[in-house]
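Reader: I have just started to learn how structures are read, and I would like to go through one with you slowly. Could you show it to me, and then take up its features in turn?

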2 protein chains.
Amino acid sequence: MQDQHIASAFDRDLEAIQAQIMKMGGLVEASIRDGALSLDTRDEELAEKVRKGDRAIDELEEMINEEAARVIALRAPTARDLRLILSVIKISANLERIGDYAKNMAKRTGVLSHMAPVDDGTGALRRMAREVERMLKDALDAYVQRDAELAMDVINHDRDVDQMYNALFREFLTFMMEDPRNITACMHLHFIAKNIERMGDHVTSIAEQVVYLVTGEHPEDDRPKADKTSLVAEG
Amino acid sequence: MQDQHIASAFDRDLEAIQAQIMKMGGLVEASIRDGALSLDTRDEELAEKVRKGDRAIDELEEMINEEAARVIALRAPTARDLRLILSVIKISANLERIGDYAKNMAKRTGVLSHMAPVDDGTGALRRMAREVERMLKDALDAYVQRDAELAMDVINHDRDVDQMYNALFREFLTFMMEDPRNITACMHLHFIAKNIERMGDHVTSIAEQVVYLVTGEHPEDDRPKADKTSLVAEG
């Protein structure tokens with residue numbers, strides 16, 4: 001009886017922190033979306049909103065860390081419970097980094113809106129960002145529902161983001177070779193593409209955590225990556 | 001007096017865990033080195049050793065997590081102490097992932113040693129791995145010495161790894177176009193290059209943690225990445 005009581009108190013604590021994680025995830029998803037939108041529509045006001053909004057994300061991470069520490073101190077969880085509470089710390093760290101990348105994307109809106117647009121560059125970035133945003137949503141759903149299958153879907157989906165990045169990389173190269181006046185803008189666009197790809201890596205890390213939590217095993221890492229596919233397409 | 005006593009007890013606990021981190025780091029460095037060596041010298045026995053050695057790395061992570069949780073439960077650290085103890089959890093997670101990548105590199109030794117060698121492919125990968133190994137050593141030194149400057153060096157150094165990856169990517173493309181019989185081997189080599197690049201990303205994460213611990217600020221993320229440079233070189 002005593003044990004059960006302690007267990008469900010831990011569960012309630014964990015659920016409360018997970019609610020904070022979902023709140024943080026929602027803010028980060030909005031940052032990705034608005035960051036990419038501000039870039040594509042040259043909306044400097046929206047970009048400013050994204051930049052300023054990053055503080056709330058950082059504060060949530062702090063709060064989640066403190067809360068997780070409080071639960072560890074109070075409940076002294078071990079084994080699976082410990083893994084669960086540590087996952088909260090790691091996932092919030094991933095979210096914080098994704099938020100930083102979104103902020104950096106927004107930062108470039110100001111620079112790029114004063115340059116001639118490069119074909120559909122920002123549109124392509126926005127589609128790539130939308131893909132990452134969807135992956136993040138799925139990864140967090142998989143986390144809350146302890147759904148390893150959905151998490152594996154997210155991990156495999158990261159290939160698409162890598163593929164989009166590789167395609168954009170080649171596209172920007174072409175634009176630069178076609179017209180050297182495109183070089184500066186393309187460098188910014190390429191930087192943003194790389195940042196979105198990194199967001200995808202962090203989302204993958206979250207999904208990997210979910211697989212580990214549910215199955216007790218790290219997902220196999222020698223899944224074929226999109227880069228392969230693109231190499232074959234080129235070869 | 002009581003406060004000071006508690007503080008130094010925490011410091012001793014932290015130092016003990018940090019010693020475990022350094023031990024784990026040493027194992028991971030050896031895995032990177034031996035994994036790349038086994039690949040370059042087609043030493044399947046050494047590759048097997050690396051694969052099997054990954055278990056010890058995983059076990060160290062578990063041990064570090066449990067120890068960190070014990071310290072949190074016992075000392076209820078807040079503010080800076082809490083950040084310090086959480087960094088231990090995050091850094092050991094990064095090390096564990098790097099170890100996985102090294103294991104996967106070793107796994108390919110068996111496959112690649114039965115294929116015709118592709119120019120200096122494995123030699124180039126070994127040099128790239130050596131770079132990452134050095135970065136990891138510096139990142140862990142920066143961590144133990146709380147040296148934000150050295151950590152920033154590591155972060156900036158990640159460009160070199162990205163640059164090596166980009167150069168290899170183009171080289172493998174060329175080999176594949178020159179002779180389609182190279183395609184399978186090049187796909188494996190490219191996969192390994194990508195894995196080494198990811199190791200670099202995790203080392204960068206460790207270095208970023210150090211900067212955050214020492215300065216209280218996350219390093220600026222809009223540092224120019226190597227990909228830019230390579231784009232310019234191409235453009």
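Author: Let us begin with burial: a residue is called buried when its relative accessible area is under 20%, exposed when that area is over 50%, and partly exposed in between, using a 1.4 Å probe and the protein chains only. Arg159(B), for instance, counts as partly exposed because its relative accessibility is 28%. What you see is a predicted model, in which local features need pLDDT of at least 70 and side-chain atom pairs count only at pLDDT 80 or more, while totals for chains, interfaces and linings use all residues. Residues are numbered from 1 along each chain as its sequence is written, chains are lettered from A and ligands numbered from 1 in the order in which they are written, and side-chain values use heavy atoms, with hydrogens and water left out.

Reader: Where in chain B is Arg159(B) placed?

Author: Helices are read from DSSP runs (H or I, at least four residues; strands are E, at least two) and are numbered from the N terminus. Arg159(B) belongs to helix H5, residues 148-178 of chain B. Its C-alpha atom is 9.3 Å from that of Gly200(B), although 41 residues separate the two along the chain.

Reader: How many helices and strands does chain A have?

Author: Chain A has seven helices and zero strands, so its elements, read from the N terminus, follow the order α-α-α-α-α-α-α. The C-alpha trace of chain A spans about 75 × 45 × 20 Å along its principal axes, and 56% of its 235 residues count as buried.

Reader: What share of the contacts in chain A joins residues 24 or more positions apart?

Author: A contact means heavy atoms within 4.5 Å. Among the contacts in chain A with a separation of 6 or more, 86% are between residues 24 or more positions apart.

Reader: Why does Met199(B) count as buried?

Author: Met199(B) counts as buried because its relative accessibility is 0%. This residue is in helix H6 (residues 183-215) of chain B, and, leaving aside residues up to four places away in sequence, Met199(B) touches Ile32(B), Ile98(B), Tyr101(B), Ala102(B), Met105(B) and Val132(B).

Reader: Is Asn94(B) buried or exposed, and with which side chain does its own side chain make a polar contact?

Author: Asn94(B) is buried, because its relative accessible area is 10%; the residue lies in helix H3 (residues 79-112) of chain B. A polar contact is a pair of N or O atoms within 3.5 Å; within protein, one atom must be able to donate a hydrogen and the other to accept it, and residues adjacent in sequence count only if both atoms are side-chain atoms. The side chain of Asn94(B) makes such a contact, at 3.0 Å, with the side chain of His202(B). Beyond four places in sequence, Asn94(B) touches His202(B), Ser205(B) and Ile206(B).

Reader: Which residues does Lys90(A) touch?

Author: Lys90(A), in helix H3 (residues 79-112) of chain A, touches Gln209(A), Glu61(B), Asn65(B), Ile89(B) and Ala93(B), not counting residues up to four places away in sequence. Lys90(A) is buried, because its relative accessible area is 13%.

Reader: Where is Arg42(B) placed?

Author: Arg42(B) is in the loop between helix H1 (2-41) and helix H2 (44-75) of chain B, and has a positive phi of about 55° although it is not a glycine. Arg42(B) counts as partly exposed, because its relative accessible area is 34%. Ala76(B), in the loop between H2 and H3 of chain B, also is not a glycine and has a positive phi, near 45°.
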